[in-house]
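Please read them with the structure open beside you.

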Amino acid sequence: QLQASGGGLVQAGGSLRLSCAASGRTFSSYVMGWFRQAPGKEREFVASISRSGGNTYYADSVKGRFTISRDNAKNTVYLQMNSLKPEDTAVHYCAAGPLVTGTTVYDYDYWGQGTLVTVSS
């Protein structure tokens, strides 16, 4: 089970850190990813991180602004979001799967409930 938190309302240029806590003892065996879905749009890939945390991947739209990290001892994955823009407004989801290079929803097996990020201009 994945539980995302940390969303909220922030002004453009601001920062937020999302967290996703996983239950169970197999967290470190999964690649973790973040996706987001804006109203009326499809769910899109944001970032992913390998099991050890040594490899990360980002969508071009967030590269240089967002950082994904994980703490396997705490069964938690994070998404640090800086320099936020109004177009980052979306429900953000964490997900677990087998492929660090996976960028589609079909590459992930387990999903959290989502946390809403709203960026005002």
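1. The structure holds 5 aromatic pairs. The term covers rings of Phe, Tyr and Trp (its six-membered ring) with centres within 6.5 Å; planes under 30 degrees apart count as stacked, over 60 as edge-to-face and the rest as tilted. In one of these pairs, the ring centres of Phe35 and Tyr108 are 5.2 Å apart and the planes stand at 80°, so the pair is edge-to-face. Strands here are DSSP runs of E, at least two residues, numbered from the N terminus.

2. A word on the basis of these notes: this is a predicted model, in which local features need pLDDT of at least 70 and side-chain atom pairs count only at pLDDT 80 or more, while totals for chains, interfaces and linings use all residues. Residues are numbered from 1 along each chain as its sequence is written, and side-chain values use heavy atoms, with hydrogens and water left out.

3. The cut-offs are under 20% relative accessible area for buried, over 50% for exposed, and partly exposed in between (1.4 Å probe, protein chains only).

4. Tyr108 also pairs with Trp111: the ring centres are 6.2 Å apart and the planes are at 65°, so this pair too is edge-to-face. Trp111 is partly exposed, with a relative accessible area of 27%. Phe35, Phe45, Tyr108 and Trp111 form one aromatic cluster.

5. Arg43 lies over the face of Trp111, 5.0 Å from the ring centre. Arg70 lies over the face of Phe27, at 4.5 Å from the ring centre. For a charge to sit over a ring, NZ of Lys or CZ of Arg must be within 6 Å of the ring centre and within 35 degrees of the ring normal.

6. Which strands make up the open sheet, and in what order? There are 4 strands, in the order S1-S3-S8-S7, with antiparallel pairing. Strand S1 (2–5) and strand S7 (66–71) stand at the edges with a single partner strand each, so one side of each has no neighbour in the sheet. Neighbouring strands are turned by 15° against each other on average, direction ignored; the angles are taken between axes, which are lines fitted to C-alpha atoms, and run from 0 to 180 degrees between N-to-C directions.

7. Within this sheet, S1 and strand S3 (residues 16–22) pair over 4 bridges, and Gln3 has Ala21 in S3 as its bridge partner. Two strands pair if DSSP finds at least two bridges between them. The covered face of S1 carries Leu2 and Ala4, the uncovered one Gln3 and Ser5. S7 and strand S8 (residues 76–81) pair over 6 bridges; Ile68 has Leu79 in S8 as its bridge partner.

8. Strand S5 (residues 44–49) has 5 of its 6 residues buried, so it is largely enclosed by the rest of the structure. S5 pairs with S4 in the antiparallel sense over 5 bridges, and Trp34 has Ala47 in S5 as its bridge partner. These two strands form a hairpin with 6 residues between them, and Gly40 in the turn has a positive phi of about 80°.

9. S5 is also joined to strand S6 (residues 56–58), by 3 antiparallel bridges, with Ile49 opposite Thr56 in S6. S5 and S6 form a hairpin with 6 residues between them; Gly53 in this turn has a positive phi of about 90°.

10. Thr115 lies in strand S11 (residues 115–120) and is buried, at 9% relative accessible area. A polar atom of the Thr115 side chain lies 3.0 Å from the backbone nitrogen of Gly7. Leaving aside neighbours within four places in sequence, Thr115 is in contact (heavy atoms within 4.5 Å) with residues including Ala4, Gly7, Leu18 and His92.

11. Gln11, in strand S2 (residues 8–11), is exposed at 61% relative accessibility. Not counting residues up to four places away in sequence, Gln11 touches Val119 and Ser120.

Key: Polar contact = N/O pair within 3.5 Å; in protein donor to acceptor, adjacent residues only side chain to side chain.
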